[in-house]
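Please have the model open as you read.

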Amino acid sequence: MQIRLSWQNLETGEWRTPVLTPPIALGRVFERMPSTVNGERVSRLVLNGERVSRFHGLITWENGTLMLTDTGSRNGILVNGIPQTRCLLQDGDLLQIAHYNITLSLVTNSFNNLPQNPSQISFSLPTKLPDTDLSAPTVSSANRESFPPPSFVNSLQISVQQLQTLGLQIDEIDYLTIGAGLGSFIWVDLLRISGVKSNQIMALGIDNKPYTHYQQLCLNSQIPPQERLRSNSDSCPDNIWGWPSYALREAYTEAGQGQFLTALKLLWQVFAEPTFAETYTPRSGNVFNSIDREANRIQWSQMYRYGRVKSIRKLTDGRYAIAYSRSTENRRDHGFILARYVQIATGYPAIQFLPDLQAYREQTKDFKTVVNAYENHDYIYQQLEQSGGTVIIRGRGIVASRILQRLYEARQKNSQIQILHLMRSPKAQGNQFEKAKRTVENHFEFQPFNWPKASWGGDLRQQLEAANPQDRLKLLEQWGGTTTARRKDWRNIVNQGLRQGWYRITFGTVERVEPTPNGRTLTTIREQGLNANLQLEADFIIDATGLDAKVNTNPLLNDLVTHYNLPLNALGRLSVTNDFELVEMRNSKDSEDRLGGRIYAAGAITLGGPYAAVDSFLGLQYAALVSVENLASLSTPGLRKLTGWRSLWQWFKWVNNQPPN
């Protein structure tokens, strides 16, 4: 049984709602709280404030009951207003420790017990491409391999001297980001703009270009360079100021080529969206080119280090030790990086895959007929253009819309292509929040972006940050959901297909998927409201249900959470503060938190916390802004606050493509 501890920071108004497994220690100093109790790993919860003792109290399960013990604190613990040194706890009890009012809730419906999609396609760690090897485990623990050694893996804190005895390469750096993808790039970019020199920063990952993984997913899901992403005009990973926006840059380029009407149309889109014009979105090729320009400007290649992170451990001097491996054609070597300020931006570790389709692939070992939209499946369109055929699409979000467009383009070359769109249930009306309601057409729910625009920086963002845990989940449910963009060309494709009969929508629950003697697939579904089964025969099935970022699908995060008993939020992601810090991973050399290390997280691995659009370009920028602002308040090495004049000066440097320093 897990428990949720909920309290609000009276100074900032921020809610903390970690879900933890007892035993749970509460206190001011992480190192003074026990790591184990009766052989069980302890979740250590740090509470700041002079009236909080270094080790204040302990919550344990004893003979099936939840017990609270005051461990000799100076100011005591109140339970429902009554001083207690040892007492039984129940659901809904209020614990008062210093200025903290902590509500205790028994968690009987945590993310571990919610219905989940049990099937994923993990990304291969060496290549970051979808791995179709069904024999490979989804999650591997760091101690299953010879590196890192047990002396490192089993430590909660390890000294530099102990690392030196291992005889491996050790590098030291002030700022380290793990992942080296877009989340890492944006964080590094902001550090450089804020005064940190390139020799103080390291980005550790598999790809030397920060967008390689994302670009491959775009190409697999049929978004080539000339096609547009589902991203806002001023959401620029290469430009934290958002101006000039992508629309303005594209209009300038078109005008320079004499395409004045096209340039005016682009500017009109931004001015009139979304009421009088379709929402502008940038071409993927333009986004990647702009990132290349900024990467060269901030000297990304000098900060990038090739390597795969295996595990993270605290150092006794207040820093962190990061164990990593790297493979070359001839050998594999290992090493450690010692860093004080760390950002984790590992992105999506896996692709969601519908269980019935995974079962089909496990039974038949057929990876060509049944595919995920994020796998490389260009051969399907090539075969359809040559021979025709029938395709079943599963899912109805933005990826499904792009797959449908690509099939429509193939159909212009071969009219013998039929499309069956299999949906679980009809969508009669869209989600509604207060007076705002999404429109629905042909069972597609429309929204320009994956979250309402005010989630990025408007009143909805503020509302989510201030919400208590129950309201936060309700808000995310109301704002989220499966949506697609209300593009005129996509709507015309659907309407034309329905009218001409080559596109059909079918509703039902899949009973099974099996091969036919003639090499096709047979999907048996139970139609909604009917007892009879319906069978759908097709040449190909494309699953467009999305990506997976739960912590337990990522070996590094799974090891970190398991080893340090880190709390997760209700969606199974990392529990972060409003500035995206993993506060339970703070590492201090002394009780006053001097020289203390910090770890931050960004991206989809934080969904369910204080920010909705965490996996968008602008969401990654926001996470970088608030985390770097938090570091600046600590006066970390070389980092200056981005004041108005400094920001303006750095923008002029960006315009002229000059290095930040």
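What follows goes from overall shape to local packing.

This is a predicted model, in which local features need pLDDT of at least 70 and side-chain atom pairs count only at pLDDT 80 or more, while totals for chains, interfaces and linings use all residues. Residues are numbered from 1 along each chain as its sequence is written, and side-chain values use heavy atoms, with hydrogens and water left out.

The chain has 18 helices and 37 strands; these are DSSP runs, H or I of at least four residues for helices and E of at least two for strands, numbered from the N terminus. Its radius of gyration is 26 Å, close to the 26 Å that the globule rule gives for 661 residues, so the chain is as compact as a globular protein of that length. That radius is taken over C-alpha atoms, and the rule is 2.2 Å times the number of residues to the power 0.38. Along its principal axes, the C-alpha trace spans about 80 × 65 × 60 Å.

How much of the chain is buried? Of the 661 residues, 56% count as buried, meaning under 20% relative accessible area, whereas exposed means over 50% and partly exposed lies in between (1.4 Å probe, protein chains only). Residues 24 or more positions apart account for 65% of the contacts with a separation of 6 or more, a contact being heavy atoms within 4.5 Å.

Now find helix H4, residues 212-220, where His-213, Leu-217, Cys-218 and Asn-220 are buried. Seen down the axis of H4, these buried residues fall within an arc of 165 degrees, so they line one face of the helix; the arc is that of the directions from the helix axis to the C-beta atoms. An α-helix has 3.6 residues a turn, so residues three or four places apart point the same way. The buried residues of H4 pack against helix H7 (284-297) and strand E36 (547-548). Just after H4, Gln-222 takes a positive phi of about 70 degrees.

Next comes helix H5, residues 246-256, with Tyr-246, Ala-247, Glu-250, Ala-251 and Glu-254 buried. They cover an arc of only 130 degrees around the axis, which puts them on the same side of H5. On the other side of H5, Tyr-252 and Gly-256 are exposed. What do the buried residues of H5 pack against? Their partners are helix H6 (260-272) and H7. Just after H5, Gly-258 has a positive phi of about 85 degrees.
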